[in-house]
Amino acid sequence: MKVLSVVGARPQLVKLAPIAAAFASTDHQHVIVHTGQHYDADLSDVFFSGLGIPDPDVHLGIGSGSHGIQTGGVLAAMDPVLAAERPDWVLVYGDTNSTLAGALSAVKMHLPVAHLEAGLRSFNRRMPEEHNRILTDHAADLLLAPTEEAMRHLSDEGLAERSVLAGDVMVDVCLRIRDKILSGAQAAPALPDGIDPHAPYLLATLHRPDNTDSPERLDALLGALAALPLPVALLAHPRLTARAEQHGIDLNRGSLHAGRPLPYAGLIAAVLGSSGVVTDSGGLQKEAFLLDRVCTTIRPETEWVETLEGGWNQLVPNPYEFSPAEWAGIATRPAPATPRGLPYGDGKAAQRVVEFLERHKR
Ligand code: UD1
């Protein structure tokens, strides 16, 4: 069997790691196509080297641009690649512009498409990810759902027959790296200047267009983070850095200490060293949950609703609307005592994905 993975943005590289490792232990051929949506070393190269992912077989070099330019660029560039490779499956990951373009290009060439992380919904049509994931789910032939909740969404949209519960491959990689860190086999993460890794701190990220594109909102959110009673390590995505520079907004003030994004193992170590996480990232909400850290999510909704149970994750779209004491109480709340199940699976999802692809191959 020949499987062609299309990836392009940071969270997809994390998911690619366990999938590439699972294929490496089989006779199947696994071709990796990197669209180049993310091109900074911090967002791309360090994930290949740090997670032991083989170099991409094809690099499309698409880069940044408007949604149309980026999605259309990948779509056009995929034609000759798919024509040359003719894989048994095109495997697309998550909800980015690279995902949608990869799925669409395969469908138009009559190649079977499998969607990893199918069935997630925010029900927020303002998010580009929501358009991407819905369109990809409806185009794909095999929907690899990470959770029971995702299976329910797919069923509600009439897609039950194409859906299977695979579990979440992010659990596979998160737990593997956590164990490596706890065994002492990993160097300390490069936290932003001003953060003492041995004293309590909060870990923060902010990159969604709805949180970064309006200068007033961005300034208010950063003001809320800066007012917290613990030092806040802000790992700044290039979009955040670009918007802050564009509008003359300071990322270093009060409790806030900004630094570069971390490689995956560094990020996991930074979560383990933290007292809690404040973020608008989907992946980081789940990583906090898997690593027993409370998470405060700067969004009105989450796709990962399981993290909300028992208060491990709390949605706070507008932290500046609370009094400083209330907001501080939320962001620094202690970990709940509530036991959690395994809503994201057992850490063997990648192996299951390979088995599903074998079983459903035409
Ligand atoms: C994309 C995904 C989002 C995912 C995120 C993870 C879409 C619609 N969104 O958002 O779902 O959570 O990746 O990080 O696909 N930039 C750089 N260097 C890079 C990449 C981007 O400087 O290597 C800057 C550019 O100014 C670019 C901006 O970041 O315009 C946004 O990048 P883009 O890939 O369009 O979307 P993300 O915000 O990263």
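Tutor: D95, E130, R133, R299, E301 and E303 are linked in a network of salt bridges, a salt bridge being a side-chain nitrogen of Lys or Arg within 4 Å of a carboxyl oxygen of Asp or Glu. The model is predicted, so local features need pLDDT of at least 70 and side-chain atom pairs count only at pLDDT 80 or more, while totals for chains, interfaces and linings use all residues. Residues are numbered from 1 along each chain as its sequence is written, and side-chain values use heavy atoms, with hydrogens and water left out.

Helices (H or I, at least four residues) and strands (E, at least two) are DSSP runs, numbered from the N terminus. Both D95 and R133 are buried; buried means under 20% relative accessible area, exposed over 50%, and partly exposed in between (1.4 Å probe, protein chains only).

The structure holds 21 salt bridges. In another of them, E85 and K2 have their closest N and O atoms 2.7 Å apart. E85 is in helix α3 (residues 67-85) and K2 in strand β1 (residues 2-7), so the pair joins parts 83 residues apart in sequence. E85 is partly exposed at 21% relative accessibility, whereas K2 is buried at 16%.

D168 and K286 also form a salt bridge (2.5 Å, N to O). D168 lies in the loop between β7 (163-165) and α7 (169-182) and K286 in helix α12 (residues 282-290), so parts 118 residues apart in sequence are tied together. Both D168 and K286 are buried.

As for the domains, the assignment, which is automatic or from a database, gives domain 1 (2-168 + 345-360) and domain 2 (179-331). Five salt bridges are found across their interface. On the side of domain 1 that touches domain 2, the elements giving two or more residues are α1 (10-24), α2 (45-51) and α5 (128-139). The largest share of that side, three residues, comes from α2. In contact (heavy atoms within 4.5 Å) are 22 residues of domain 1 and 17 residues of domain 2.
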